[in-house]
Every structure is written in structure tokens, then in C-alpha cells.
Amino acid sequence: MKKYVVLIGFVVCIFSCKPYTSATQEKDQITYSAFREQQKSYTSEDGVIKYIDQGQGPVIVLLHGVPSSGWLYRKMIDPLVTSGYRVIVPDMLGFGSSDSPEGYELYNEANHAKRLIELMDSLSISSWTHVLHDAGGLWTWALLKTAPKRIEKLVMLNTVIFDEGFYPPVPMKPGGIAKTAMWTYSNGMTTNVLLKKLFETGLKKNTLNKTDVEGYKTPLKEGKTKGMYYFFTQTCSDLPDYSSVFSKIEAPKLLIWGQHDDMLRWHPQQKRVTETFEIKEENIHLIDEKHFIQETRDKEIVKIVLEFLK
């Protein structure tokens, strides 16, 4: 029972914890409302998916994980666009600005992959460079299982691959306790607690300001927790095995990893990942950061990705 109480929140600091520092908004920093205004809509049979589509040239997809959204990549979009690429940044169903319909299996890996393929088909994009993070890896492995030729180049950023590197939040059983936890995240009771713990765990130093956090906080307070519910109650307890898919990936691969990540650890799986994916040594980059490397090392990531693509 203690494990589930921890997930529901630390009641003592419910109303006092703030998930951001006292840093002021940076000059030209994009707001979440401005980010949303740039998004377009694709209506899938399961619900509306919001996405950014900017630039011209070879296509790069930037895929988020849990519990984030396309907002995670906001600092990387313009540099990639100005470097001559068309950048697609979806909010997967249940996250960010996209719909969050009732359901359970609606949010499994295969369905996320299916909807992403449908989105790309609607944009007449047959193949692309694919950048993934966190649970976005699972959705990508499911995509590659059914459509292995769609991804031309693969860029992995601190993502879910093997059990030995996966140290998720406390797994939850489907049902009332997990639903109560999601409810407290969405009604504001423990939203700040969740985000404070998330960034304290996911960054070496939490330097996010109020504007940064708004893009993570707003979807939660809008009730976008159903995709997260599936991840906590299903994926964290029973990680899907996509090892049969990995050895068949023909696309060139780049790995950029925050080497101090406590949730997705590199060293326990280093040998297995390197050998299974056949990643060249020069295409493995370990960064002095934890999990959310897009927040603090965005310029470095963009530079490495552009060099890889050239």
C-alpha cells in the first residue's frame, strides 16, 4: 500500500511545492499558448491528434514520451527548420493538446504506432528521420514491427529498450488506486508534486521556470492522464519485448543519452544495446545530464543530429 500512497502524492506539500525555480522568463521564450497556436489537427478514428508541421526539406519526426508531449522539443524545432528540414512534432493521443478519449487498449503501443503512421500518410510522407524519447521508443518499436521501411534514420534519446535499463516509477495495478492518482494529478491537488518530483529526478539541476512548466502542467490539469494511466498500470508492470524487431532495423542509428538518467539507465544495457542495434562507436554520445536532455542540452543535441544527418 505504501507504494501507491507515494504515487498519489505527498499530502504535506500539496499546496506548497512548486515544480519550477524562481528563474524569470527568458527573452523570446515561447509560451505554451503560442506553441498550441502553431499546432495543426489530424482527426483519427480514435480522436484528434495535434501536431507541429514546420519547414521544408527532408522530414524529421520528434516523438515524445510519458508524461510529456511535443512541448518537450520546443527549443529544437526552429534550429532544425532553419537548417533545412521539415519538422513534425506530434502530441500522441492522450497527451499535450490531443484528445484524451475514454479507453484502455486505445493507448497501447500498437495503437499509438498505427495512429502515427496514419498521420504521416495524411501528410503524404512515406519515410523520415525519427527522433524518439522515453516511451516514444515503445511506440516506435511497434511502428517498426509493422512498417520497417518508413524510418530512414533512427535517433534514440534516453528511451525504453531493455528491461535491464528500465527503472520506472512504482508500477500500479489497474483500478481504483491508480485512477485516484490520475485524478489528483489532473484536479490540481498533486499536479505540482508530480512535476516537482519529475524534474528533480529527471534533471541534474531543475532550472525550469514557470513558463517552461506550463507546457507540462496544463495538459495534466485538462485531464490528459489516460495515456499515462496505461503506461503506469501496464507498461511499467509488463514491459513489451521488441527484441525481435531490433535486429531487423536497417536504418542508420544515432544514440544520444543523458548518462546520469536514473529512470532509463545506460550502463546496465550498454553492451546489449550497442551490439543488438549495431551502433557505430562514433554514433554513441553520452551527455552530462539525466533524463530530460531536451530541456538543458538542446543545442548540443541539434548539433549532433545535424552532423549525423549530413
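Let's start with helix 4, residues 109-122, and helix 5, residues 136-146: their axes come within 8 Å and cross at roughly 70 degrees. That makes helix 4 roughly perpendicular to helix 5. Keep in mind that this is a predicted model. The crossing of helix 4 past helix 5 is right-handed.

Which residues in helix 4 meet helix 5? From helix 4, we have E109, A110, H112, A113, L116 and I117. From helix 5, the partners are L138, W139, A142, L143 and T146. By type, the residues of this contact are 8 nonpolar, 2 polar and 1 charged.

Next, T191. T191 sits in helix 7, which covers residues 191-202. Is T191 buried or exposed? T191 is buried, because its relative accessible area is 1%, and the cut-off for buried is under 20%. A polar atom of the T191 side chain lies 2.4 Å from the backbone oxygen of Y185. Now set aside the neighbours within four places in sequence. T191 then contacts T184, Y185, S186, K217, L220 and K221.

On to L80, in helix 3, residues 74-82. L80 also counts as buried, at 1% relative accessibility. Again leaving out neighbours within four places, its contacts are I60, L62, Y85, V87, V302 and L306. For a sense of span, take L80 and G175. They are 95 residues apart along the chain, and their C-alpha atoms are separated by 42 Å.

Where is the cis peptide bond? It runs from V66 to P67, with omega near 5 degrees. P67 lies in the loop between strand 3, residues 59-63, and helix 3.

Then two positive phi values. N158 has phi near 35 degrees, and N158 is not a glycine. This residue is in strand 6, residues 151-159. N158 is buried, with a relative accessible area of 0%.

E278 is the other one. Its phi is positive, about 55 degrees, and E278 is not a glycine either. E278 lies in the loop between helix 11, residues 270-277, and strand 8, residues 284-287. Is E278 buried or exposed? Exposed, because its relative accessibility is 68%, and the cut-off is over 50%.

Conventions:
Residues are numbered from 1 along each chain as its sequence is written. This is a predicted model: local features need pLDDT of at least 70, side-chain atom pairs count only at pLDDT 80 or more; totals for chains, interfaces and linings use all residues. Side-chain values use heavy atoms; hydrogens and water are left out. Helices (H or I, at least four residues) and strands (E, at least two) are DSSP runs, numbered from the N terminus. Buried means under 20% relative accessible area, exposed over 50%, partly exposed in between (1.4 Å probe, protein chains only). A polar contact is a pair of N or O atoms within 3.5 Å; within protein, one must be able to donate a hydrogen and the other to accept it, and residues adjacent in sequence count only if both atoms are side-chain atoms. Contact means heavy atoms within 4.5 Å. Axes are lines fitted to C-alpha atoms, for helices over the stretch in contact, and angles run from 0 to 180 degrees between N-to-C directions. Angles under 35 degrees count as roughly parallel, over 145 as roughly antiparallel, 65 to 115 as roughly perpendicular and the rest as oblique. A crossing is left-handed if the near helix is turned anticlockwise from the far one by less than a right angle, and right-handed if clockwise. Ala, Val, Leu, Ile, Met, Phe, Trp, Tyr, Cys and Pro count as nonpolar, Asp, Glu, Lys and Arg as charged, and the others, Gly among them, as polar.
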